Every structure is written in structure tokens, then in C-alpha cells.
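Reader: I would like to learn how to read a helix pair and a ligand site. Could you take me through them?

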Amino acid sequence: MGSIADNLGSVTRLIQKATLQAGREPGSVSLLAVSKTRTAQELREAVAAGQRAFGENYLQEALDKMAELHDLKDIDWHFIGPIQSNKTRQIASAFSWVHSVDRLKVARRLNEQRETGLAPLNICLQVNINNEPSKSGCQPEELPELVSQISLLPGLSLRGLMAIPDPDQTEPALSASFRKLANTLKELRQEHPKAGPLDTLSMGMSGDLELAIAAGATWVRIGTAIFGGRAPKS
Ligand SMILES: *Cc1c(COP(=O)(O)O)cnc(C)c1O
């Protein structure tokens with residue numbers, strides 16, 4: 001692997017190529033650098049190379065890095081990990097996006113706890129797209145009710161859907177999972193035209209970003225292809 005800056009360059013080119021190949025508009029896919037287990041210094045390197053959006057899975061780890069990096073102004077923090085409902089207050093104030101909302105209770109708390117001076121919190125609903133027993137995410141059948149209820153919450157902007165498909169699928173099955181998420185978003189947009197922008201598909205990681213982009217991803221969440229093999233959690 002090269003330096004973080006080199007890796008960011010390679011990933012950016014991969015995204016551009018896949019976007020073009022999919023016949024999609026240049027710039028329609030954004031890169032979320034997934035920085036869980038990475039040090040503040042590694043994030044600093046990524047910021048120096050032009051990266052602004054970072055995805056974190058663990059609240060305390062993220063807050064520690066935010067404190068260390070407070071001198072860097074325009075970082076965009078995204079929460080992408082499982083959410084304990086007693087942690088929503090800090091999530092609602094420290095992040096601009098939450099990709100992993102999967103139940104109404106959490107949405108309601110984030111809405112109540114988002115300070116009124118801040119822009120609405122951008123959220124995606126995480127969907128357990130392959131119906132895996134131990135995976136977070138709501139079932140697709142729960143989405144219409146969740147969307148109706150969440151559309152009433154002024155502190156949240158309902159941006160779209162997120163999924164982490166079963167990585168052990170064949171490529172065609174993985175592709176089908178991404179397309180299913182894209183179709184689900186399209187249906188929700190038709191049935192709930194006023195529920196929020198519903199313009200976002202957060203899907204695709206280091207190993208499958210091309211497939212996700214071909215299916216319509218707007219955020220790809222990339223860790224190892226930028227930062228190298230996963231660092232052990234200390
Ligand atoms: C770790 C993680 C990623 C990044 O995965 P890589 O394979 O390292 O690119 C993306 N999304 C979520 C939710 C993650 O936890």
C-alpha cells in the first residue's frame with residue numbers, strides 16, 4: 001500500500017472510473033473515509049490530502065479524535081456504527097450525518113437532542129438487506145412506517161438508506177443486494193414525496209465499491225483501501 005495520500009488518489013480514481021462506466025454524472029458519488037481504529041495523526045494526513053468526510057463507528061473513539069483535531073475546521077463527521085439509545089445525545093451534537101439509524105426510538109431521541117441552532121441532522125436508515133440474523137438494520141418491510149414517522153421530526157433530514165450486504169455472497173448476489181436497496185429507495189421516494197430529500201444511498205466498501213456505484217451508491221464508505229489493513233483496536 002502507498003501513503004494515505006496515494007491511496008486516497010487511487011480510490012478517487014476508482015470512484016471516477018466506476019461512475020463514468022455506470023453512465024452516471026461525474027461527482028455524484030462521494031467518498032466517506034472510514035477512520036475507525038485510525039489515529040488522529042492518520043486522519044490529519046487524510047485531511048492534508050483533501051479528504052473532508054470521515055466515518056466513525058465508536059462514539060468515544062470519535063469524540064477523542066474530534067478533540068485532538070479541533071484545530072481542523074471543516075471536517076464532516078459521519079456516525080456509521082450501531083447506536084445505543086443512551087448515546088444519542090452526543091451523536092446528535094457532534095455529527096452531521098448518522099448512517100445507522102434503524103429504529104424509531106433512536107430517531108426520536110436524535111431529533112429531540114439535536115440542538116435547534118444546528119442544521120437538521122442528516123440521517124440514513126440502515127436496512128438489513130440480506131436478512132441476516134445477527135446484523136443491525138431494520139427489515140425492508142418496516143421502512144414505510146419508519147419513513148412516515150421520521151418525516152414528522154423537524155430536527156432530522158431523511159436522506160436515504162444504508163446497507164452492509166452479506167460480504168460472503170457471490171458478485172451477482174451482492175450486486176442484486178445493492179440494486180434492491182436502490183429500488184427500495186426509489187419506491188419510498190414515490191410513496192413519501194415529502195418525507196425528506198431521500199437522495200442518498202450509502203453502500204459500498206473497499207471490496208465492492210464498483211458494484212455499489214453501478215447500482216447507484218451516492219456515498220461509498222471506504223476504510224482499508226485508504227488506511228491499509230485494519231489496525232487492531234486498542
Ligand atoms: C469498517 C466499515 C466500512 C469500511 O470497510 P472497508 O472494507 O475497510 O472499506 C464501511 N462501513 C461500515 C459500516 C464499517 O463499519
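Author: Gladly; we will look at a helix pair and then at the ligand. This is a predicted model, where local features need pLDDT of at least 70, side-chain atom pairs count only at pLDDT 80 or more, and totals for chains, interfaces and linings use all residues. Residues are numbered from 1 along each chain as its sequence is written, and side-chain values use heavy atoms, with hydrogens and water left out.

Reader: At what angle do α5 and α6 pack?

Author: Axes are lines fitted to C-alpha atoms over the stretch in contact, with angles from 0 to 180 degrees between N-to-C directions. Here α5 (residues 104-113) and α6 (residues 143-150) pack at about 15°, their axes 10 Å apart. The two helices are therefore roughly parallel (angles under 35 degrees).

Reader: Which residues make the contact?

Author: Contact means heavy atoms within 4.5 Å. From α5 come Leu-104, Ala-107 and Arg-108, and from α6 Leu-146, Gln-149 and Ile-150. These residues divide into 4 nonpolar, 1 polar and 1 charged, with Ala, Leu and Ile counted among the nonpolar and Arg among the charged.

Reader: Which residues come nearest to the ligand?

Author: A residue is near a molecule if one of its heavy atoms lies within 4 Å. Of the 12 residues around the ligand, Lys-36, Asn-57, Ser-206, Gly-223 and Thr-224 come nearest.

Reader: How far is the polar side-chain atom of Ser-206 from the ligand oxygen?

Author: A polar contact pairs N or O atoms within 3.5 Å. For Ser-206 the distance is 2.5 Å. A polar side-chain atom of Lys-36 lies 2.7 Å from a ligand oxygen.

Conventions. Helix = DSSP H or I, 4+ residues; strand = E, 2+ residues; numbered from the N terminus. Parallel < 35°, antiparallel > 145°, perpendicular 65-115°, else oblique. Polar contact = N/O pair within 3.5 Å; in protein donor to acceptor, adjacent residues only side chain to side chain.
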